[in-house]
Structure formats: C-alpha cells, structure tokens
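Reader: Could you walk me through a protein model, step by step?

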Amino acid sequence: MASIDLKGVRKVYQGNVTAIHALDLSIADGELVVLVGPSGCGKSTLLRMIAGLETITDGTISIGEDVVNKKEPAERDIAMVFQNYALYPHMSVRQNLEYGLKNRGTPRDEIDRRVNEAARILEITPFLDRKPRQLSGGQRQRVAMGRAIVRQPKAFLFDEPLSNLDAKLRGQMRIEIRRLQRSLKTTSVYVTHDQLEAMTLADRLVVMNGGRIEQVGKPIELYDKPASLFVAGFIGSPPMNLLPIAALQAIAGGTMPNLPTGTDIVGIRPDEVVVGSGEGIALSGTVELIEPVGGESHLYVRVEGLDQTLILVQQGRASVGEADKVDFVLPLAALHGFNKESGLRVD
Amino acid sequence: MDTKRTVFPSQGLPYLLVAPQLIITIIFFIWPAGQAVKSSFEREDPFGLSTSFVGLLHYLRLFQEPDYLASVGRTALFALAVTIISMGLALVLAVAVNRLIRAGTAYSTMLLWPYAVSPVVAGILWWFIFNSSTGILPYMLEFFGLDWNHQLNGTHAMILIIVAASWKQISYNFLFFLAGLQSVPQSLNEAAAIDGAGPFKRFWTIVFPLLSPTTFFLMIVNLNYTMFDTFGVIDATTAGGPNQATNTLVYKVYTDGYIGLNLGSSSAQSVILMLFVIVLTVIQFRYVERRVQY
Amino acid sequence: MVENRPWLTFLTHFVLICGVVIVVFPVYIALIASTHGPTALSSGMMPLLPGAELWNNVVQVLTEQRRGVAPFWLMAWNSLWMAIIITVGKIAISIISAYAIVYFRFPGRVLAFWLIFITLMLPVEVRIIPTFAVVANLGMLNSYAGLTIPLIASATATFLFRQFFMTIPDEMMEAARVDGAGPLKFFRDILLPLSRTNIAALCVILFIYGWMQYLWPLLVTTDPKYYTLMMGVKRMAAVADADPQWNTIMAAVVMAMLPPVLIVIFMQRLFVKGLVETEK
C-alpha cells in the first residue's frame with residue numbers, strides 16, 4: 001500500500017520528441033486513478049514510466065517514500081496488467097501466477113496460499129493447470145489480474161486491460177475490477193482511451209492530451225465543469241456540442257444572452273438541449289438523422305448558418321421525424337463558455 | 001534495425017552474448033577473406049621468404065588464360081542447366097502434388113528425402129549408374145548406338161555432373177514451389193474457373209505469375225548452389241576432368257590453390273567468386289525486403 | 001479442387017509416379033547393388049532385383065580395413081560428432097547473439113549484425129587456402145575443433161532466431177521484468193522454452209548440414225583417424241574402377257546416407273519448417 005507521487009516528470013525520446021511535458025500528479029494510497037486520452041497523448045508512456053519500463057528524462061517518481069527513478073520494475077513492487085495480458089504461453093495458469101513470487105524467493109507454502117486465494121477470488125481455480133491458449137479471452141484476463149493480485153504489490157498498473165474483450169465482457173470485467181480494487185484497497189493507475197470506462201471506474205480521472213494533463217478531478221466534476229475545450233469534447237457521449245458565438249449571434253438574434261468577456265465558444269451537452277420553446281438561446285433546424293438507441297434517441301440537426309451538425313438527445317422516442325423541422329432551446333444554465341485561443345473554460 | 005520497445009539495461013552482457021559468434025566470424029571468415037584479397041595482389045617467391053605487391057597482375061593474367069575463360073563458360077552452362085532442369089521438374093511435381101488432397105503428403109515424403117543425400121553421395125550414385133563397366137545407363141544407351149564414356153568424353157562428363165547435381169536439388173526446389181503454390185488463395189483459382197479458364201490456362205495466367213517471387217528466389221538459391229555446393233558432386237565423379245571438361249570455377253580454386261599451390265592466381269579467383277556471391281546475396285536480400293512489404 | 005476431370009487426375013498421378021521413379025532410381029540401384037555379391041555386378045548387366053548378400057556386405061563394410069581409409073565405424077563416429085557439435089554449436093551461439101541484438105541496445109550492435117550478415121557472403125569455397133592457413137596456424141588440423149568450430153558461425157540461424165524473437169510480444173519481456181526476471185532468467189525461463197520448436201527444426205536442418213560436410217573435412221584432416229564418412233565413401237568409390245567392389249561400396253554409401261534420410265522422413269514437419277524458415 002502506498003501513494004504515488006510524480007514531480008516535474010518529463011519524457012523526451014531520441015530525436016527530441018517530447019512525449020511527456022513536465023507533469024505533477026499525486027495519487028493517494030488506495031485510490032484508483034484513471035489516465036484517459038486519445039492515442040498518442042502520453043498516458044501509456046506515463047504508466048510505463050511509473051512501472052520502470054521507460055526511463056525518466058526529468059523529475060522524480062516516488063512510490064510510497066522511495067524515489068524509484070533508478071529502480072528496476074521488479075524492485076518497485078508494482079504489478080502490471082497488460083493489454084494483451086502477456087501470459088507466458090508455455091506455463092500453466094498456476095505457473096504463471098507463481099512466477100513472480102518464485103523470483104522473489106517467496107516460501108512455497110506462502111506461494112500456494114496466495115495462488116489459491118487469488119484463484120478463488122477470480123474464480124479461475126478450475127483452470128489452474130491449463131495453458132493460457134486453452135482459455136477464453138475473459139479467462140485470460142482474469143489470469144492476468146491474478147498474476148497482479150498474488151504479488152500483493154504496492155500498486156496495480158493497468159494498461160488498457162479490457163480493450164481486447166468484446167463489449168459485453170468488457171462491461172462485466174469493468175465492474176469486477178472496480179469491486180476487486182475496492183476490496184483490496186490497492187493504489188491503482190489505470191490507462192484507457194475509452195471515456196465511458198474511465199468515467200465509471202475512476203476515483204479520480206486524469207485527462208491527458210499531447211503529453212500534458214488537461215484536467216484532474218472526480219469523473220462527475222469533469223463532466224459538469226470541463227476545464228478546457230478538449231475535456232469538454234472528450235468526456236461525455238455523445239460529445240458536447242461546441243458552437244462558435246459569432247455564428248450563433250447571427251442566427252439566434254435577440255435570444256442571445258450576454259456572456260462573460262473572452263467567451264467565444266459555448267458548449268452544451270446534447271441531453272441538456274430542450275426541444276420546443278423556453279428560456280435560452282432559441283434555434284431551429286432540420287433533422288438529418290435519428291439514431292434510436294432504445295432508452296433515448298439521438299437527433300442530428302442541421303441549423304441554417306452553422307457549419308456543423310448539432311446533436312440532441314431526447315428521452316424515449318423522438319418527437320419528430322427525419323427531415324422534419326425542429327425548434328429547440330439551449331438553456332442558459334446549461335451553457336459552458338470557452339475561449340478559443342487558450343482553449344480554457346471561461347466562467 | 002529494430003529492437004524491442006524496452007530493452008534490458010545491462011552494459012556488458014550483450015557483448016558477452018555476441019562474442020562467440022563474432023570471434024568465430026572474424027577469425028574464420030573475415031580474416032581469411034581479407035587474406036585472400038591481400039594475396040591476390042601479391043606474389044610470393046618460390047621459397048615463400050618474401051612477397052611483393054604486383055597489383056592487378058594475377059587478375060590480368062587470369063583473364064588472358066584460356067583455361068580460366070573456358071571454365072567461366074563451363075560454369076555458366078552447368079549452373080544454367082542445373083537450375084533449369086531441377087526447377088522445371090520440381091515445379092511440375094509441386095503443381096501435381098498441389099492438385100491432390102490426401103495422396104499429396106505421401107508423394108511429398110517420397111520427393112523430399114533426397115535433400116538429405118549429400119552432394120558427394122549423389123555424385124557416387126550417379127557415377128555408379130553411368131559407370132562404363134557395370135552401370136545400368138550405358139548398358140541401355142548402347143541400344144541407341146551410343147557409346148557412353150564420361151572418363152574420356154568431356155560432354156558425357158558434363159552431362160553426368162549436370163544430372164547428379166540437378167537430381168540432388170529437385171527436393172529443395174519442390175519444397176519451396178509447393179509452399180509457394182499453397183499460399184496462392186484457392187478463391188483466385190475458383191474465380192478464374194468461373195471466368196471460364198481451364199486448368200492449364202489458369203496455371204499460366206493466374207498461378208504462375210503469383211509464384212514469381214518464389215521462382216526468383218529459387219533462381220538465386222540455385223545459382224548459389226550450383227556454384228558452390230556442387231564441389232562434392234564434381235570431386236566424387238569427374239574431379240574436373242576429363243581434360244578440364246568439368247573444371248568449374250570453384251573446383252578450379254581448389255585445384256589451383258590447394259593442390260597446385262598457385263596462391264596468387266587462386267586468391268584472385270577466390271576474390272572474383274566472392275564478388276559474385278556478394279552480388280547474389282545483395283539481390284536476394286533486396287528482394288526479401290521487398291517481399292516483406294507485401 | 002475446382003473441377004473434377006478424371007484424365008487430369010490420372011495425369012497428375014502419372015507425373016508424380018514418374019517423378020518419384022526419377023528421384024528413387026539412383027538410390028534403388030544402390031540398394032540393389034548392396035544386396036549382391038561381387039560377381040553379380042561385374043558380369044556386364046547389373047541385376048534389377050535384390051540379392052541375398054546384403055548382410056554379408058554390411059558385415060564386410062563394418063569389419064574390413066581398407067588402405068587409406070579409416071574403419072567404417074570410426075568414420076561414422078566422426079561424422080556423428082561433427083554433425084552434433086556443429087548443430088549444438090550453431091544453435092547455441094546463434095540464439096545468444098540474436099538475443100543480444102533484439103533485447104539489448106548497445107554501442108556496436110548494428111556493426112555486430114552486419115559482421116554476422118557478411119558470413120553469408122563468404123562460403124568456405126571462396127576462401128579455401130587462407131582459412132586452411134588460419135586453422136593450421138592455430139594448430140587445429142586433425143582435430144574435432146578444427147572440423148567443427150570454423151563452421152559454427154551462422155548468419156541464417158541468427159536471422160531465424162531474430163525473426164522469431166521479433167514476433168514475441170514486447171509485453172512478454174516487460175511482464176517478466178515486472179515479475180522480477182533479469183536478462184538471464186528471462187532467457188532461460190521464457191525465451192528458451194518458447195523457442196523449442198524453432199530449435200528442433202534447426203536441429204534437423206543443421207544435423208543434415210553437418211553430416212553432409214565434405215570440402216571442409218577434406219581440407220583440415222590428413223590423419224585417417226579424423227576422416228568422416230563422406231570422405232571415406234568418396235575414397236572407396238575413387239578406387240572402385242581399378243578394384244570393382246561395387247557391392248560393398250554401395251552398402252557403405254547406403255549406410256552413410258541413411259541417418260539424414262531417416263531424419264527427413266520421420267521428422268518431415270520439422271524439416272520442412274526448418275528449411276522454409278531459415279530462408280526467410
């Protein structure tokens with residue numbers, strides 16, 4: 001059990017490509033922090049730096065009290081779950097689970113106790129003597145988790161562990177990981193590009209972009225108050241509508257409110273748009289396409305004068321049909337203001 | 001050139017790991033090759049006491065020596081004949097096996113094992129078959145009024161080594177042609193059949209063009225084989241005779257240098273052969289690189 | 001099969017049977033010759049059916065002493081050792097150098113790779129004299145070391161292992177490092193077991209390669225104690241025209257080619273894998 005502290009951490013690759021710009025992050029003991037961002041944002045690199053698989057150009061990483069910059073992965077007392085699981089194909093499940101413990105010289109009876117315990121928790125006891133290739137994707141995933149658990153490390157590092165599973169299994173495993181992490185209370189860093197996974201798993205969410213941290217906070221805080229255009233567009237599905245003020249002013253006319261100075265883009269979540277009339281910026285447009293998702297319907301609306309399609313979410317069935325005209329309102333309370341140049345939120 | 005994304009941080013270990021291979025390579029490959037190049041520009045006095053630099057003398061002499069020029073032509077003939085015969089037969093057999101579903105494996109086994117017959121043994125086997133006193137082929141050729149004698153007749157001797165060398169190489173070519181054929185998608189064949197192409201037309205218009213990388217690769221390998229690996233075939237049968245009729249370039253390096261102790265000339269011949277292998281290897285690897293991109 | 005034409009199937013089998021006959025013919029003749037007595041072969045027409053003298057010929061090959069040739073069993077022993085040492089040696093030094101090149105980054109790494117690559121361009125045949133001189137200067141003539149060590153460097157085996165290592169996911173090594181395995185432990189516990197099939201396939205190919213060696217033993221051995229089978233049968237055959245004992249010579253030839261042939265027949269899958277993959 002330990003906290004993880006990153007201070008001024010930088011990563012520069014050969015040829016002067018900066019993967020991580022000086023970055024600070026503290027992860028509390030027992031916390032599950034999710035690093036999320038598009039591919040190439042540096043989240044995996046950062047995780048691998050914590051693991052000791054990438055060198056650190058600048059700054060310090062400490063796990064618990066120790067600065068681990070110069071330590072081998074094995075000496076950092078962390079365990080990692082890889083995207084492709086990286087199970088040793090020639091070893092049985094039991095041998096896979098034992099390998100790390102054996103290398104540490106753990107006594108035999110302790111190894112057996114821990115392996116059996118982990119197998120029981122993950123319900124893989126029946127497969128202990130099989131080879132990884134005889135297991136299904138979900139079972140392999142559990143073995144990979146088991147390999148981390150038996151070690152009882154200071155921290156778990158997850159590198160997109162669910163992205164090789166199909167959607168249904170992914171949902172199940174997500175819940176299981178959350179439950180497991182809650183009961184073990186092991187500090188965890190979890191990397192994913194899937195914002196839904198990130199939102200549902202994280203105690204705290206770290207949104208990364210271009211080697212920098214965009215915002216850190218509780219998932220709901222990030223959803224409610226995105227600190228930048230990037231976070232606004234990245235968190236939430238379907239994504240927030242981001243509309244330039246200049247174009248809006250031309251079409252919304254009198255209903256356009258006064259916004260704080262510096263605001264030149266407003267954002268609104270698709271489910272906050274109100275179909276019909278009411279308080280707020282009143283717009284109308286043509287429904288291009290309706291996606292009935294089941295519990296809700298997504299409306300893609302083209303508005304004369306805006307060169308982008310707006311997304312509206314209606315609960316239940318759509319009240320209009322495709323090619324119909326639709327009037328709608330952007331309530332003032334639901335608006336997020338951003339400055340285009342800095343990309344930051346304006347309040 | 002690639003390594004893994006992460007590598008082990010050790011300093012000395014990798015050097016220890018490559019050391020055995022490199023030491024052997026340097027001592028037994030690179031150093032001797034350098035020596036060959038060096039002595040191809042030098043002349044040693046008859047007592048071996050001193051050497052003097054003679055520039056391109058050995059090379060110039062070589063290209064004026066009728067024996068050497070004849071050997072170049074002979075080697076080319078030999079290499080071409082063996083390549084064409086063994087590749088041709090192998091292709092026919094591979095196409096046939098590829099047509100069969102179950103019986104194919106049994107035929108393959110029967111066709112593959114001669115790979116394990118060494119060139120020397122291949123030479124002896126065919127020497128015995130063509131042997132003028134007890135051999136079975138001269139006996140049969142007599143019916144056609146042909147008096148076979150490869151110990152006196154240079155053409156007969158050349159035919160003998162071509163047959164022996166081709167026979168030995170069929171298995172290898174067969175294996176690679178078969179692998180090439182099996183990687184041609186069956187759907188292409190089916191599409192062509194629906195387009196109305198018969199089996200022979202399909203082979204020449206669809207399968208054979210798709211096989212061209214394999215064919216090209218085998219040509220290079222076969223040239224290499226006939227140049228260098230047939231030493232045993234020749235040494236076990238004609239030993240370069242009669243009257244130089246089967247003295248190929250490699251065999252000549254051996255006889256001039258190891259037997260005749262004519263160091264300068266033999267070295268110059270070695271260097272020329274080295275250049276030849278380098279060219280072949282470069283072509284082969286260029287081609288492999290290209291193939292990887294598919 | 002796209003269509004079913006009986007005549008085409010017939011033609012296919014006909015072609016294959018002809019092919020098999022061509023391929024088997026010389027060896028069949030050798031086998032037949034090895035089953036007859038000396039008189040049957042010198043009487044003009046060689047018999048085409050087996051005789052009853054095989055056992056006698058084999059016994060004669062194994063027991064008789066020929067001038068200028070070592071006893072058969074000794075040459076077989078030498079060939080066996082030569083093939084085994086070359087096989088083990090090539091695999092051992094190739095797998096560790098491929099390991100260094102793939103799993104480490106060190107100054108001189110690319111140079112090492114190219115030096116190994118160069119061996120492809122320098123077959124023994126083009127450097128006969130100077131290589132002989134090196135071996136002679138090192139005092140390695142007439143020894144197992146001289147017979148084998150200079151043949152142990154191998155670019156093809158190194159490339160094969162390199163190719164194979166590159167297909168192993170990077171995470172395998174990362175997981176092992178997190179699990180506390182250092183470079184040697186990773187090699188022993190993970191890489192070596194994963195390479196099993198490749199090693200086995202290479203064993204088949206390299207054993208055959210070692211067994212077939214002819215020019216090299218011819219150069220570095222003058223003492224019959226170190227003669228190999230390939231040299232021996234060649235020497236026997238060379239005197240055969242003067243002293244026609246084709247029956248025993250063919251018995252010796254058949255015995256000399258048997259081990260690798262049996263390996264190809266019984267380990268066909270590994271043999272094919274080895275041959276195809278080393279050429280990639």
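Here are some questions and answers about salt bridges, cysteines and cavities.

Author: Happy to! This is a predicted model, in which local features need pLDDT of at least 70 and side-chain atom pairs count only at pLDDT 80 or more, while totals for chains, interfaces and linings use all residues. Residues are numbered from 1 along each chain as its sequence is written, chains are lettered from A and ligands numbered from 1 in the order in which they are written, and side-chain values use heavy atoms, with hydrogens and water left out.

Reader: How many salt bridges does the structure hold over all chains?

Author: Side chains of opposite charge can pair when their charged atoms come close. A salt bridge here is a side-chain nitrogen of Lys or Arg within 4 Å of a carboxyl oxygen of Asp or Glu. Over all chains, the count is 26.

Reader: Which side chain meets A:Glu98 in a salt bridge at 2.5 Å, N to O?

Author: One salt bridge of A:Glu98 is with A:Lys102, at 3.6 Å from N to O. Those two are four residues apart in helix α2 (residues 93-103) of chain A, so about one helical turn separates them; helices (H or I, at least four residues) and strands (E, at least two) are DSSP runs, numbered from the N terminus. The 2.5 Å salt bridge of A:Glu98 is with another side chain, that of A:Arg108.

Reader: Is A:Glu98 buried or exposed?

Author: Buried means under 20% relative accessible area, exposed over 50%, and partly exposed in between (1.4 Å probe, protein chains only). A:Lys102, at 43%, is partly exposed, and so is A:Arg108 at 42%. Because its relative accessibility is 5%, A:Glu98 counts as buried.

Reader: How many disulfides does the structure hold?

Author: A disulfide is a pair of cysteine sulfur atoms within 2.5 Å. As for cysteines, A:Cys41 is buried at 1% relative accessibility, and C:Cys18 is partly exposed at 35%. Over all chains, the number of disulfides is zero.

Reader: How many charged residues are in the lining of the second largest cavity?

Author: On a 1 Å grid over the protein atoms alone, a cavity is a set of points where a 1.4 Å probe fits but cannot get out, and lining residues have an atom within 4 Å of a point. The lining includes A:Phe82, A:Arg147 and C:Asp179. Ala, Val, Leu, Ile, Met, Phe, Trp, Tyr, Cys and Pro count as nonpolar, Asp, Glu, Lys and Arg as charged, and the others, Gly among them, as polar. By class, the lining has seven nonpolar residues, no polar ones, and charged residues numbering three.

Terms used
1 Å grid on protein atoms, 1.4 Å probe; cavity = no way out; pocket = protein on both sides within 12 Å on 5 of 7 lines; lining within 4 Å.
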